[in-house]
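Dear colleague,

Please find below the structure that I am handing over to you, followed by an account of what was found in it.

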Amino acid sequence: MQTILIIDPESDFLEWAQRHLSNAEVTVHTAPNAEEGFKQFLALKPDLVITEFHLKPINGIELLKRMRQQDPQVMVVLSTAFPPTNAVIESMKLGAFDFLRKESLPYDLRPVVESALTTREASRAEK
């Protein structure tokens, strides 16, 4: 069983993504803000985290940094409607798996999630 944690302030998006990604092998948990998301991250140790860039009180980049301090191998996908180029570059330097534009999520989310989960499983198998 694999676990995904989605952190986003938009409840409609959380509901959609949870329905879209949940299946017999994948459990999806959600959080509406960075603080709750980080608590769930520590408790769940998810295989993948999908987080909105524009969060409060810290943004997705700061959340990524905190998560990677706890688990250097954490798989994180960031998303937002209009990602600033510098944020995309910084997130990749910090080890994010991908940075997706929100409008592309209906098409790109599942393939990126499947790729990230496969990569996570492969890295665990190597250990």
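**Threonine 80 and its surroundings**

Apart from neighbours within four places in sequence, T80 is in contact with E52, F53, H54, F99, L100, R101 and K102, where contact means heavy atoms within 4.5 Å. T80 belongs to strand 4; helices (H or I, at least four residues) and strands (E, at least two) are DSSP runs, numbered from the N terminus. T80 is buried, at a relative accessible area of 2%; buried means under 20% relative accessible area, exposed over 50% and partly exposed in between, with a 1.4 Å probe and protein chains only. The side chains of T80 and E52 are joined by a polar contact of 2.6 Å. A polar contact is a pair of N or O atoms within 3.5 Å; within protein, one must be able to donate a hydrogen and the other to accept it, and residues adjacent in sequence count only if both atoms are side-chain atoms.

Please note that this is a predicted model, in which local features need pLDDT of at least 70 and side-chain atom pairs count only at pLDDT 80 or more, while totals for chains, interfaces and linings use all residues. Residues are numbered from 1 along each chain as its sequence is written, and side-chain values use heavy atoms, with hydrogens and water left out.

**The sheet and the helices on it**

The model contains an open sheet of 5 strands in the order 2-1-3-4-5, with parallel pairing; two strands pair if DSSP finds at least two bridges between them. Strand 2 (26-31) and strand 5 (98-101) stand at the edges with a single partner strand each, so one side of each has no neighbour in the sheet. On average, neighbouring strands of this sheet are turned by 20° against each other, direction ignored. Such angles run from 0 to 180 degrees between N-to-C directions, and the axes are lines fitted to C-alpha atoms, for helices over the stretch in contact.

Strand 1 (residues 2-7) pairs with strand 3 (residues 48-52) in the parallel sense over 4 bridges. Within this pairing, L48 is the bridge partner of I4. Helix 4 (residues 85-93) packs on the sheet and touches strand 4 (76-80) and strand 5, its direction making about 150° with that of strand 5. Helix 5 (residues 105-126) lies across strand 1, strand 2, strand 3, strand 4 and strand 5, and runs at about 170° to strand 5.

The buried residues of helix 2 include A34, G37, F38, Q40 and F41. They fall within an arc of 165° when seen down the helix axis, so they line one face of helix 2; the arc is that of the directions from the helix axis to the C-beta atoms. The opposite face carries the exposed residues E35 and A43. Strand 1, strand 2, strand 3 and helix 3 are among the elements that cover the buried residues of helix 2.

N33 is found in the loop between strand 2 and helix 2. At the start of helix 2, a side-chain oxygen of N33 reaches to within 3.2 Å of the backbone nitrogen of E35, and a polar atom of the N33 side chain lies 2.7 Å from the backbone nitrogen of E36.

After helix 2 comes K45, with a positive phi near 50°. K45 is exposed, with a relative accessible area of 57%. In the loop between helix 2 and strand 3 there is also D47, which is buried at 5% relative accessible area. The side chain of D47 reaches the backbone nitrogen of T3 at 2.7 Å.

A cis peptide bond, with omega of about 0°, joins K56 and P57. Most residues other than glycine have a negative phi, and most peptide bonds are trans.

**Salt bridges**

The whole structure holds 7 salt bridges, a salt bridge being a side-chain nitrogen of Lys or Arg within 4 Å of a carboxyl oxygen of Asp or Glu. D8 and K102 form one of them (2.7 Å, N to O). D8 lies in the loop between strand 1 and helix 1 (11-21) and K102 in the loop between strand 5 and helix 5, 94 residues apart. Both D8 and K102 are buried. E10 also meets K102 in a salt bridge (3.6 Å, N to O). D8, E10, E52 and K102 are linked in a network of salt bridges.

Yours sincerely
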